[in-house]
Amino acid sequence: MTLFDLHGDVALVTGAGSGIGQAIAIGLAEAGADIACFGHTSKGGLDETAQRITALGRKALVLTGTVTSEDDLAAAVERTESELGALTIAVNNAGIAGAEPAETLPLETWQKIYDVNVSGVFLSCQAEARTMLKRRKGSIINIASMSGSIVNRGLTQAHYNSSKAAVIHMSKSLAMEWADRGLRVNVVSPGYTLTPMNKRPEVADQVKIFERDTPMGRMAMPEEMVGPTVFLASRASSFVTGIDLIVDGGFVCW
Ligand SMILES: NC(=O)c1ccc[n+]([C@@H]2O[C@H](COP(=O)([O-])OP(=O)(O)OC[C@H]3O[C@@H](n4cnc5c(N)ncnc54)[C@H](O)[C@@H]3O)[C@@H](O)[C@H]2O)c1
């Protein structure tokens, strides 16, 4: 199906060393793209992601830094283009979560979530767009969450939920700024997903509740975020910009 073919594309994926970001980086490579894997440290996850990409016959580049640094992001884009070629796809997935009652939530914790989840996604888009706009070609996909549209029952995470709502509306705003300049910006919003964070024994009871509350009766596997992302990255979505593609097993319908 050539509509979904990504051969000749170069993608940058942030937070590519684990969970959803790792699955998406490998999935984009399966569709044919070469991948720059950006994250905190090359140890563990990022190297594993890169090895799995090269095993598929695609090129992989490991880039370390933080999405809160403009310099790290500018350097990442520059190295991606010099080593892999023109950047055409970006998946801004790096994010952090937390839960704390609003009335005792320290400003520092609030700020940290916003620094990574909101400013980090904005700075990533900015660094990527600076090069994509010059060629009038690119697809940016920001990973938000269904928590940007609904409030998760029983979870005290006003900071996280509102940060993801900001990602969704920021993405729509950027999509409109760049719509007539060849650059598309869309969102994938996962529902509860079985990443390492949700495999810890201490959250086993919480996971049962997540499964019960999801209409499809289970959590998503990280690989189930690949298809929606490949769709938004590829020619198959050439007239799609500014959407929030919610991938939640039906959760937000209830
Ligand atoms: N797991 C879920 O149920 C779920 C649901 C909805 C949305 N999400 C979102 O999906 C994304 C990925 O989540 P995940 O569950 O795979 O979590 P994860 O913790 O496995 O992955 C997040 C990755 O981002 C990286 N990262 C964090 N801060 C960074 C920074 N400042 N700079 C660079 N890299 C950084 C981490 O090192 C990690 O590799 C997040 O944005 C998260 O909010 C997850």
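Reply: In this predicted model, the ligand is surrounded by 29 residues, and the closest are Gly15, Gly19, Gly95, Ser145 and Thr195. By class, this shell holds 11 nonpolar and 18 polar residues, with no charged residue. Two helices, H1 (19-30) and H4 (107-135), each supply at least two residues of the shell. The most is given by H1, which contributes three residues.

Seven strands form an open sheet in the order S3-S2-S1-S4-S5-S6-S7, with parallel pairing. Its edges are strand S3 (60-64) and strand S7 (244-247), each of which pairs on one side only. From one strand to the next, the twist averages 20 degrees. Within this sheet, strand S1 (residues 10-14) and strand S2 (residues 34-39) pair in the parallel sense over five bridges. In this pairing, Val10 stands opposite Asp34 of S2.

Both helices of the shell pack on the sheet. Helix H1 touches S1, S2, strand S4 (89-92), strand S5 (138-143) and strand S6 (183-190), and the direction of H1 makes about 170 degrees with that of S1. Helix H4 touches S1, S4, S5 and S6, and the direction of H4 makes about 175 degrees with that of S4.

Each of the two helices also has helical partners. A pair of packed helices is described by the angle between the axes and the distance between them.

For H1, the partner to consider is helix H7 (residues 226-233): the two axes come within 9 Å and cross at roughly 55 degrees. H1 is therefore oblique to H7. The crossing of these two helices is right-handed. Ala23, Ile24, Gly27 and Leu28 of H1 meet Val226, Thr229, Val230 and Ala233 of H7. Six nonpolar and two polar residues make up this contact, and no charged residue takes part.

For H4, there are two partners to describe, H3 and H5. The axes of helix H3 (residues 70-83) and H4 come within 9 Å and cross at roughly 35 degrees. H3 passes H4 in a right-handed crossing. On the H3 side, the contact involves Glu70, Leu73, Ala74, Val77 and Glu81, which meet Leu123, Ser124, Ala127, Glu128 and Thr131 of H4. The residues of this contact divide into five nonpolar, two polar and three charged.

With helix H5 (residues 158-178), H4 packs at an angle of about 20 degrees, the axes being 9 Å apart. This angle makes H4 roughly parallel to H5. Here too the crossing is right-handed. Among the residues of H4 in this contact are Trp110, Ile113, Tyr114, Val118 and Phe122, while those of H5 include Tyr160, Val167, Met170, Leu174 and Trp178. By class, the contact of H4 with H5 has 15 nonpolar, four polar and one charged residues.

Note on methods:
Residues are numbered from 1 along each chain as its sequence is written. This is a predicted model: local features need pLDDT of at least 70, side-chain atom pairs count only at pLDDT 80 or more; totals for chains, interfaces and linings use all residues. A residue is near a molecule or strand if its C-beta atom, placed from the backbone, lies within 6 Å of it. Helices (H or I, at least four residues) and strands (E, at least two) are DSSP runs, numbered from the N terminus. Ala, Val, Leu, Ile, Met, Phe, Trp, Tyr, Cys and Pro count as nonpolar, Asp, Glu, Lys and Arg as charged, and the others, Gly among them, as polar. Axes are lines fitted to C-alpha atoms, for helices over the stretch in contact, and angles run from 0 to 180 degrees between N-to-C directions. Angles under 35 degrees count as roughly parallel, over 145 as roughly antiparallel, 65 to 115 as roughly perpendicular and the rest as oblique. A crossing is left-handed if the near helix is turned anticlockwise from the far one by less than a right angle, and right-handed if clockwise. Two residues are in contact if their C-beta atoms, placed from the backbone, lie within 7 Å. Two strands pair if DSSP finds at least two bridges between them.
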